[in-house]
Amino acid sequence: MNTDYTADQIQILEGLEAVRKRPGMYIGSTSSRGLHHLVYEIVDNAVDEALGGYCDTIDVTINADNSVTVIDNGRGIPVGINQKAGIPAVEVVFTILHAGGKFGGGGYKVSGGLHGVGASVVNALSIWLEVEIRIDGKIHKQRYERGQVCYPLKVIGTCDPDETGSKVTFLPDPDIFEETIFDYDILKQRLREMAFLTKDLKIILRDLRHEEGVVEKTFHYEGGIREFVTYLNRSKTPIYPDVLYFEGKKDNVYVEVAMQHNDSYTESAYSFVNNINTPEGGTHLAGFRNAITKTFNDYARTAKLLKDSEANLSGDDIREGLTAIVSIKIEDPQFEGQTKQKLGNSEARGAVDSVVSEQLTYYLEQNPSVAKQICEKSILAQRAREAARKARDLTRRKTALDGMTLPGKLADCSDKNPENCEIFIVEGDSAGGSAKTARSRATQAILPLRGKILNVEKARLDKIYGNAEIKAMITAFGTGIHEDFDITKLRYGKIIIMTDADVDGAHIATLMLTFLYRFMPELIKKGHVYLAKPPLYKLEKNKKTWYAYSDEELAAILDEVGRDQNNKIQRYKGLGEMDADQLWDTTMDPEKRILLKVSMDEEAESEIDLTFTTLMGDKVEPRREFIEANAQFVKNLDI
Ligand code: TTJ
């Protein structure tokens, strides 16, 4: 290390020491999430350069040693001496806390969000970091180790003077992070999002860790957020071909909105501020919602699609089946709420409202057939909502007056203390029959469901409330749903989904989870929901019986008992193949069974939401992907 450093810089080094002492304060966490934040932090700087119009390509490489290299073709981080600090500007960027990448270069700084803390934090949390800058025909380089300068910035070679840009490579410190292996798919997801949000920017992601060869993907969307909406709707059916796009600037807020309705009944609106997702919305989203509600109502009245005697369309009606991206760029974003994921700037509301109102009004006038389709869909939604409200009021009144009438198909348990009780939701009447015989009557209730349950992502509320299987579950659980939900009324401590161990069974379980997630998310969050795990094989030999719950387990049992012709192996295709005793022994007996507890990472909730919306669409392919990926949020818990 260079020893000529002045007192000022010793303080600087102490600054970065603070980052190493309390990394969570600067990057949120030291889990895999925090690890990936390091990459975003560096990439954000390069994206700033792209937003300024000085860079069109960002190249991200996961190297074989798990270090990451980020290269841009921007102007290059300045290498001149920073007057205030007395050291090269690039050294300020990497060694002084909270000195972001902005040097009066104009444009918006994207790294202003939740953990937008700058490159110095990445440096402090890396075993080593190297920066190389091409500028004025020279290649400059500096290296740091755990945030400390190894040598003063030096010139290591020459290059074409037209060739400019920055290159940063860093290796995260395993003393800091619980996890130091980068996940290609996590980076892919975020970099794709970045590319959608910054039209014309090309982002390349490369993985050099595979012996079989380089894995590489390029994200480049000339349509920007328009293509983002097309992508989100890729497994849905749009009700008109256009993606509506509005863009403008007001009160120093740059606004971009893209939207398109599909034939589903759920809203998928995602909002961003300076390229940072705001899962809790905020003023920008409120401005958008206000604008579309008002504009569509005005249009529907003027076009006589809505009679004078009829009530206004509600925001929910207009947003039924709407996929939208609201992306704004703002100078000084203020994040509010518990998780600081909600935009608070009041000027954003007015700016989005006015840009959208003005341009949407114009669009609807120019495109009356699209306008009519959206209004008609909203009017249908309004009627369905009214019908659903009546259906719900009816069930509410019923519950209040004559207590609860439990569903006829439910075989309830006798114990009335929910803590002792569990309910099995069983696929099919025949398996339901076996389960009723097998159960322990005191504490285990059985509710058989006929066939596939309704996909609540694809049905309107009136249909959902009218569905017999769904009504049976709601009344059996006792909690009510949505705003009526009251967990203290829950009648069973464990809700156990029991389906066949095949693809259809997995699909039914997914539909069940979707229903629970959308209507009673607290049940999942509080850990009341479980998946039963029936065995895949039965092995009989010399009057003894074994059950195997996976291929590996079967192999292990065979290793033990020997592979010979005395083995009688049965592969279970469904719960129906087991008699009551077998079902009890293998799947229901609390002493022996395996249950999977369904859990939800609250931090990742918005991502799960995106997953549900994008994967539960109409076409089969993505849904299958989801079923296979199901294990990601289902944690194995042997109970
Ligand atoms: C600042 O204003 C003068 C010209 O250069 C501007 C600048 O800082 N550009 C810049 C920074 N381009 N790229 C970066 C950058 C790239 C990476 C990969 C990492 C970091 C910390 C900065």
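Me: Leaving aside neighbours within four places in sequence, with which residues is Ser271 in contact?

Reply: This is a predicted model, in which local features need pLDDT of at least 70 and side-chain atom pairs count only at pLDDT 80 or more, while totals for chains, interfaces and linings use all residues. Residues are numbered from 1 along each chain as its sequence is written, and side-chain values use heavy atoms, with hydrogens and water left out. Contact means heavy atoms within 4.5 Å. With neighbours within four places set aside, the residues in contact with Ser271 are Ile276, Asn277, Thr278, Gly281, His284, Leu285 and Val326.

Me: Does Ser271 count as buried or exposed?

Reply: Ser271 belongs to strand E14 (residues 268–273), a strand being a DSSP run of E with at least two residues, numbered from the N terminus. Buried means under 20% relative accessible area, exposed over 50%, and partly exposed in between (1.4 Å probe, protein chains only). Because its relative accessibility is 2%, Ser271 counts as buried.

Me: Which residue's side chain forms a polar contact of 2.7 Å with the side chain of Ser271?

Reply: A polar contact is a pair of N or O atoms within 3.5 Å; within protein, one must be able to donate a hydrogen and the other to accept it, and residues adjacent in sequence count only if both atoms are side-chain atoms. At 2.7 Å, the partner of Ser271 is Thr278.

Me: How is helix H12 oriented to H18?

Reply: Helices are DSSP runs of H or I with at least four residues. The axes of H12 (residues 429–438) and H18 come within 8 Å and cross at roughly 80 degrees. Axes are lines fitted to C-alpha atoms, for helices over the stretch in contact, and angles run from 0 to 180 degrees between N-to-C directions. Angles under 35 degrees count as roughly parallel, over 145 as roughly antiparallel, 65 to 115 as roughly perpendicular and the rest as oblique, so H12 is to H18 roughly perpendicular.

Me: Which residues of H18 make the contact with H12?

Reply: On the H12 side, the contact is made by Ala431, Ser434, Ala435, Thr437 and Ala438.

Me: Which residue caps the N-terminal end of H18?

Reply: Helix H18 spans residues 580–588. A side-chain oxygen lies 3.1 Å from the backbone nitrogen of Asp581, and the residue that carries this oxygen and caps the helix is Asp579.
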